[in-house]
Amino acid sequence: MTEPAIPVIHSIPDGAALITTVLCEYPIPKPHSCKLYKLGLNDTYLVTTERENYILRVYRRGWRNKEEIDFELELLVFLYEEKQPVAYPIARKNGSFTTNILAPEGVRYVAVFNYAPGHAVDDKLDGKQSYILGEVLAKIHQKLDNFKSSFSRPGLNNEYLLDWSMRAITHLYQHRKNDIDYLQKEIKKIKSQLAGFQLHLTAPEYGICVGDVHSGNAHFTKQNEPTLFDFDQCGYGWRAFDIAKFWHIALRMKIDIAVRNSFIEGYQAIRKLSEAELASIPVFVKAAHIWVMGISTNVVGDVLPYGWFTDEWLDQRLAMLRSLDESDNFIKLC
């Protein structure tokens with residue numbers, strides 16, 4: 001008797017199989033190994049060869065469609081050709097940048113990247129590194145003003161950052177009515193404040209953002225030369241949001257305020273922010289916080305188990321959201 005097949009939500013591809021079925025299509029040295037390196041919104045593998053290493057990413061089914069993936073990869077190729085310090089995708093022997101694999105849950109897309117030299121500094125980020133990272137982001141913004149794509153990408157707007165996130169949070173925490181009401185009021189307040197800044201919808205204030213620049217998504221060499229990677233959250237939005245996203249992660253890592261400010265100083269050494277942009281950063285930090293909450297709750301039952309989302313999880317994130325109103329977090333910005 002044949003047992004019925006059980007649907008699979010998220011499978012973990014075998015690294016050895018990826019060598020024989022996927023990596024053989026790329027013009028790289030013969031891999032010694034392909035090992036699962038990191039689980040997250042996508043599955044990341046470290047590919048080792050005799051001469052150098054690579055990163056293989058298997059995009060999670062249902063997170064990014066092919067059009068959105070193509071936008072990201074095309075953007076990275078553009079930045080690499082513009083000599084910006086980013087980890088870039090490796091083209092297959094046939095010239096394309098993605099490989100389709102048939103996983104138990106359906107078709108998934110694979111991309112291969114060069115390995116960013118150095119290592120992530122995470123919460124050990126110092127002032128000099130922060131300043132350099134700010135400079136790099138500003139230069140990338142400037143280059144991306146000239147980037148044109150035939151592919152589409154979700155905008156980093158109120159609907160995506162806030163409304164989309166709120167729907168996912170509400171779905172998991174319907175029993176926390178008072179807290180859901182608080183979040184909805186905060187979102188209404190954020191939208192009103194952002195509208196009041198009257199930020200322009202044209203460059204340089206508005207354009208393509210990286211979406212997730214921070215000290216964990218960049219490797220630094222011993223000479224403090226950075227290489228940025230993981231542009232999975234890129235999209236069109238206000239550039240002040242990109243700065244706020246860095247600030248938000250730095251706050252979560254408990255990075256010193258002087259180091260956080262160095263990032264903005266480095267950015268402004270390349271492009272001076274308007275008064276409205278500077279004033280909007282603390283508000284965008286709150287939007288970023290809610291968005292990260294939304295991303296987490298949107299992948300429940302897949303990347304994260306339901307048991308992850310306890311009342312304590314919500315308590316901690318609401319406590320941080322409330323703390324963002326404290327002026328000490330933004331000494332130089334307000």
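A nonpolar core is a set of buried Ala, Val, Leu, Ile, Met, Phe, Trp, Tyr and Cys residues joined through side-chain atoms within 4.5 Å. Keep that in mind as you look around this predicted model.

**Stop 1: the core.** Start by selecting L75, I140, L228 and F231: these have the most contacts inside the largest nonpolar core, which has 86 residues. Next, colour helix α8, residues 275–298; this helix gives the most to that core, with 10 residues.

**Stop 2: one residue up close.** Zoom in on L75. Leaving aside residues up to four places away in sequence, L75 touches L144, F147, I208, F231 and C234.

**Stop 3: two crossing helices.** Now show α2 (residues 66–81) together with α3 (residues 127–144). Their axes are 11 Å apart, and the helices pack at an angle of about 105°. Angles of 65 to 115 degrees count as roughly perpendicular, and α2 and α3 are therefore roughly perpendicular to each other. To see where they meet, pick L75, F78 and L79 on α2, then I140, K143 and L144 on α3. By class, this contact has 5 nonpolar residues, 1 charged and no polar ones.

**Stop 4: helix α7.** Finally, select residues 257–270. The 14 residues of α7 should span 20 Å at 1.5 Å a residue, and the end C-alpha atoms are 21 Å apart, which agrees. Buried residues of α7 include I257, F263, I264 and Y267, along with R260 and N261. For the surroundings, display α3, α6 (239–252) and α8: the buried residues of α7 pack against these helices.

How values were computed. Residues are numbered from 1 along each chain as its sequence is written. This is a predicted model: local features need pLDDT of at least 70, side-chain atom pairs count only at pLDDT 80 or more; totals for chains, interfaces and linings use all residues. Side-chain values use heavy atoms; hydrogens and water are left out. Axes are lines fitted to C-alpha atoms, for helices over the stretch in contact, and angles run from 0 to 180 degrees between N-to-C directions. Helices (H or I, at least four residues) and strands (E, at least two) are DSSP runs, numbered from the N terminus. Angles under 35 degrees count as roughly parallel, over 145 as roughly antiparallel, 65 to 115 as roughly perpendicular and the rest as oblique. Contact means heavy atoms within 4.5 Å. Ala, Val, Leu, Ile, Met, Phe, Trp, Tyr, Cys and Pro count as nonpolar, Asp, Glu, Lys and Arg as charged, and the others, Gly among them, as polar. Buried means under 20% relative accessible area, exposed over 50%, partly exposed in between (1.4 Å probe, protein chains only). The expected span of a helix is 1.5 Å times one less than its number of residues.
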